[in-house]
Amino acid sequence: MYQILAHEIINRKKVRLSVVLNGENKGKQILFNERNEICLADDGMPDKLASEIWKQNGTGTIRMLDKVNLNQLDMQTLETLMSPGVSENGPVTEVFTEVFTAEPELVILGGGHVAIPVCHMAAMTGFHVTIVEDRPDMITKERFPGAASIICQPFDDLSSILEKQGENSFYVIVTRGHKYDQICLEQVLRHEYTYLGVIGSRRKVAHCRELLREHGFRNAEIASIHMPIGLNIGAQSPEEIAVSILAEMIQEKNRRQADCSPLAIWEWIASHPGERVVMATIIEKNGSAPRGVGSRMLCLKDGTIIGTIGGGALEYAVIQAAAKMKEDEMKTCWFNLSNEAGAQLGMVCGGSVRVLMQEIML
């Protein structure tokens, strides 16, 4: 299961994995491909349960009542049954589903002074970066060591680049002139994107919006553009402007998707078939816990870890619990990070997290 999942993620495919957390089907998993078709399911997964899981689109935990006459339940009882921490043998099936998407694509149109720190910071924060520039001397690997792809071509026809992108694409337009910014912008607007930002003064932005309306773009399309680009932090230097741009991009990225596991985890899994590890994944979060749902850590048999679920004493407690797990064991544990309980774990951030722990063979 996890070898297939790792290879799909490494190859930038969108996949969805669900695991049953309790009841007679506890531990059973089902994997869906990017077309929402069943790719692989554990033996014994009931068709009815698989059908219900198939309906869930996003990352999170769902609770499904089964073998219960809802007409015989009062609202208080129903709320109790559907709350977190239900009885292991109760009439509720809990399923955690996680949607894995490719690391976000960032296309930087323009290779000038602002593009350099944007590329560097974006690569550091998990973006797959492509740089496009029409001046050969401005588009070298030495200037953009963090870029996964460097393309030198005119801006007037970006179709070969844009057609490879998808809904998880980010665009930063920072060319050397208003004319080229406008040419790039109008092409990107005709494709899917998560984020589209254009650098420029208030005067330039007003003129740009006017041109877009004249060229037939709808108000909703124009309103989706971040311009002037970046959060308003009074940025002056190229590096400060890059910080404001990355902050805005990250804000948009995290608003749309759950916390994600670093690619290094899946690369390690793909390169270690047959190895036994304990995988710890945050599946629920309350309050101001340091990491969100989908954060993941591998606990290796020698005591080392790959990834993080928040650091500090929380991870130490999970590592200690992982060392005691039996082969193929699965359990969930709540860790309270607030008040006295949090102090005992050495955490001061508050909140609580529920961690799914699975002893698995890769």
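Residues are termed buried under 20% relative accessible area, exposed over 50% and partly exposed in between, with a 1.4 Å probe and protein chains only. The model is predicted, so that local features need pLDDT of at least 70 and side-chain atom pairs count only at pLDDT 80 or more, whereas totals for chains, interfaces and linings use all residues. Residues are numbered from 1 along each chain as its sequence is written, and side-chain values use heavy atoms, with hydrogens and water left out.

The chain contains 12 helices and 15 strands; these are DSSP runs numbered from the N terminus, helices (H or I) having at least four residues and strands (E) at least two. Of the 362 residues in the chain, 46% are buried. Among contacts (heavy atoms within 4.5 Å) between residues at least 6 apart in sequence, 59% join residues at least 24 apart. The chain exposes about 18000 Å², of which carbon and sulfur atoms supply 51%; accessible areas come from the Shrake-Rupley method with a 1.4 Å probe, and for residues only the protein chains shown count as cover.

In helix H2 (residues 47-54), the buried residues are Leu 49, Ala 50 and Ile 53. Viewed down the axis of H2, the buried residues fall within an arc of 100 degrees and therefore line one face of the helix, the arc being that of the directions from the helix axis to the C-beta atoms. Asp 47 and Lys 48 are exposed on the face of H2 turned away from the buried side.

Helix H7 (residues 202-214) has 13 residues and spans 19 Å from its first C-alpha to its last, close to the expected 18 Å, which is 1.5 Å times one less than the number of residues. Lys 204, Val 205, Cys 208 and Leu 212 are buried in H7. These residues cover an arc of only 100 degrees around the axis, which puts them on the same side of H7. The cover over the buried residues of H7 includes H6, strand E10 (195-198) and helix H8 (219-223). Arg 202, Arg 203 and Glu 214 are exposed on the other side of H7. Gly 216, which follows H7, has a positive phi near 95 degrees.

Four aromatic pairs are present in the structure. Rings of Phe, Tyr and Trp (its six-membered ring) pair if their centres lie within 6.5 Å; planes under 30 degrees apart count as stacked, over 60 as edge-to-face and the rest as tilted. The ring centres of Phe 100 and Trp 266 are 5.4 Å apart and the planes stand at 85 degrees, so the pair is edge-to-face. Phe 100 belongs to strand E5 (residues 92-100) and Trp 266 to helix H10 (residues 263-270), so the pair ties together parts 166 residues apart in sequence. Phe 100 and Trp 266 are both buried. A tilted pair is formed by Phe 155 and Tyr 180, at 6.0 Å centre to centre and 55 degrees between the planes. Phe 155 is buried at 2% relative accessibility, whereas Tyr 180 is partly exposed with a relative accessible area of 25%. The charged end of Arg 176 sits over the ring of Tyr 180, 4.5 Å from its centre; the criterion is NZ of Lys or CZ of Arg within 6 Å of the ring centre and within 35 degrees of the ring normal. Arg 16 lies over the face of Phe 32, 4.2 Å from the ring centre.
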